Amino acid sequence: TSTRKVEKVAAKFGVESPPRDQVSRLCAVIDGEVDAFLARDWSAMRLDCLFPGATYAGCRVSGRVRSEAFITAIGVGDDGRKHFVGLACANAESYASWRGFPRDLEGRGVRNVRLVTSDAHDGLVRAIREVYPEATWQRRVVHVRRDVLAKVDGREAQRRARAVMSPILGESDPTLVRALYHEAVDELASFAPDASRVLEDAEVDALAYLSFPREHRIKIRTNNVRERTSCEPRRRAKVVQTFPSTESVLRLLGGIVDEVNADWASENLFMSKESLRPVLGLERAENRIEGFAPSEEVRKRAEVIMMVALDEYAKAS
C-alpha cells in the first residue's frame with residue numbers, strides 16, 4: 001500500500017532497495033488483477049440473494065484524513081455458491097456515492113435480485129430500493145434487537161427485553177413466528193413503550209425472510225455471511241490505520257476478496273440449486289403480512305412460549 005512497505009516485503013525475499021519504478025510496476029500488476037476481478041460481468045448468472053455492507057477505513061483524501069466507506073456485496077448465484085460481486089469506495093456522507101454502487105452492479109449484470117439483506121444504513125437501503133425495486137429487503141435481525149435495546153433504560157429492563165425477544169428466532173413456522181413477534185411487541189409496551197414501537201415498526205423488514213424457502217431462512221435473516229468475510233479486511237485495515245489513498249484500500253481489499261472468492265469455488269454449496277428455483281416466483285414480503293390474524297391455537301401457543309421465556313428470566317433474576 002506504500003513504497004516503503006513494498007520495499008520491506010521485497011527485502012524479505014532478498015531484494016534490497018528496489019527502484020521506485022519497479023515498486024510501481026509491482027503495484028500496477030496487482031491493480032490490474034483487482035480491476036479485472038471487480039469488473040467481472042455477471043449477465044450469465046442469476047443472483048437471487050445479495051448481501052451488501054460497508055467496512056470503514058481512514059484514508060488520505062485531498063490532503064486530509066477522513067473515514068471512507070468501502071462497500072462489498074456477496075451474491076448467491078443459481079449455482080448455489082457465494083460470489084463476491086462488487087467492491088467500491090463511497091463517501092459515507094454522500095447518498096449519491098452510495099447510489100453508484102448498486103447501479104454499477106446492475107450495469108455488470110446483477111439483475112433480478114429477489115432479496116437483499118443488509119444493515120439499516122439509510123443511504124445504502126435507499127439506493128438498493130431504487131435500483132432493485134422488486135427485491136425484498138431483509139433488515140439484519142441483530143440490528144433490530146440492538147435498536148430495540150437502545151430504547152430500554154436500565155440493565156434489568158434490558159435483560160427482560162432480551163428474554164421477550166428471544167423466542168422469536170427460536171421457531172420456524174412463519175405464523176407462529178409472527179404471533180410471537182406481536183406478543184413481544186405487546187409485552188415490551190408494558191415496561192418500555194418506545195422500544196415496543198421500534199420493534200413494531202421494524203416488523204416488515206425484520207420478518208421478510210419468512211416468505212422465502214425454509215432452507216434459506218436462517219442464512220438470509222442475518223448478514224453473517226458478509227460479516228465473517230469482513231474480519232480479515234478489518235484486521236488488515238486496523239494494522240495500517242491510515243491509508244495513503246482510497247486506491248490503496250481497494251488494492252488491499254480487492255486482493256483479499258479475490259482470494260476468498262477462489263476459496264468459495266471449492267467449498268460446499270451455500271444453498272441447494274433445487275431450493276433456489278422457486279425464489280423468482282415469490283411475492284414481496286410486504287404483501288404477505290397485511291391483516292395478519294393467527295388462529296386461536298397459534299395465539300395460545302405463542303402466549304405459552306412467551307410465558308416460559310419470562311419464567312426463565314424471572315428464575316435467572
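Modeller: Let us start with exposure: a residue is called buried under 20% relative accessible area, exposed over 50%, and partly exposed in between, with a 1.4 Å probe and protein chains only. By that scale R299, with a relative accessible area of 30%, is partly exposed. This is a predicted model, in which local features need pLDDT of at least 70 and side-chain atom pairs count only at pLDDT 80 or more, while totals for chains, interfaces and linings use all residues. Residues are numbered from 1 along each chain as its sequence is written, and side-chain values use heavy atoms, with hydrogens and water left out.

Biologist: Which side chain meets that of R299 in a salt bridge at 2.2 Å, N to O?

Modeller: A salt bridge here is a side-chain nitrogen of Lys or Arg within 4 Å of a carboxyl oxygen of Asp or Glu. The partner of R299 at 2.2 Å is E296, and E303 also forms a salt bridge with R299, with the closest N and O atoms 2.4 Å apart. E296 is partly exposed at 41%, as is E303 at 30%.

Biologist: How many residues apart are R299 and E296 in their helix?

Modeller: Helices (H or I, at least four residues) and strands (E, at least two) are DSSP runs, numbered from the N terminus. An α-helix has 3.6 residues a turn, so residues three or four places apart point the same way. In this structure R299 and E296 lie 3 residues apart in helix α15 (residues 296-316), about one turn of the helix, and E303 and R299, in helix α15 too, are 4 residues apart, again about one turn.

Biologist: What does a salt bridge that links distant parts of the chain look like here?

Modeller: The whole structure has 13 salt bridges, and one of them joins the side chains of R140 and D119 at 3.1 Å, N to O. R140 sits in the loop between β5 (136-139) and α5 (141-149), whereas D119 sits in the loop between β4 and α4 (122-131), the two being 21 residues apart. R140 is buried, with a relative accessible area of 7%, while D119 counts as partly exposed at 22%.

Biologist: Which residues of helix α12 are buried, and where do they lie around its axis?

Modeller: In helix α12 (residues 231-240) the buried residues are P233, A237 and V240. Viewed down the axis of α12, these buried residues fall within an arc of 60 degrees, so they line one face of the helix; the arc is that of the directions from the helix axis to the C-beta atoms. K238 and V239, on the other side of α12, are exposed. Just after α12, Q241 takes a positive phi of about 70 degrees.
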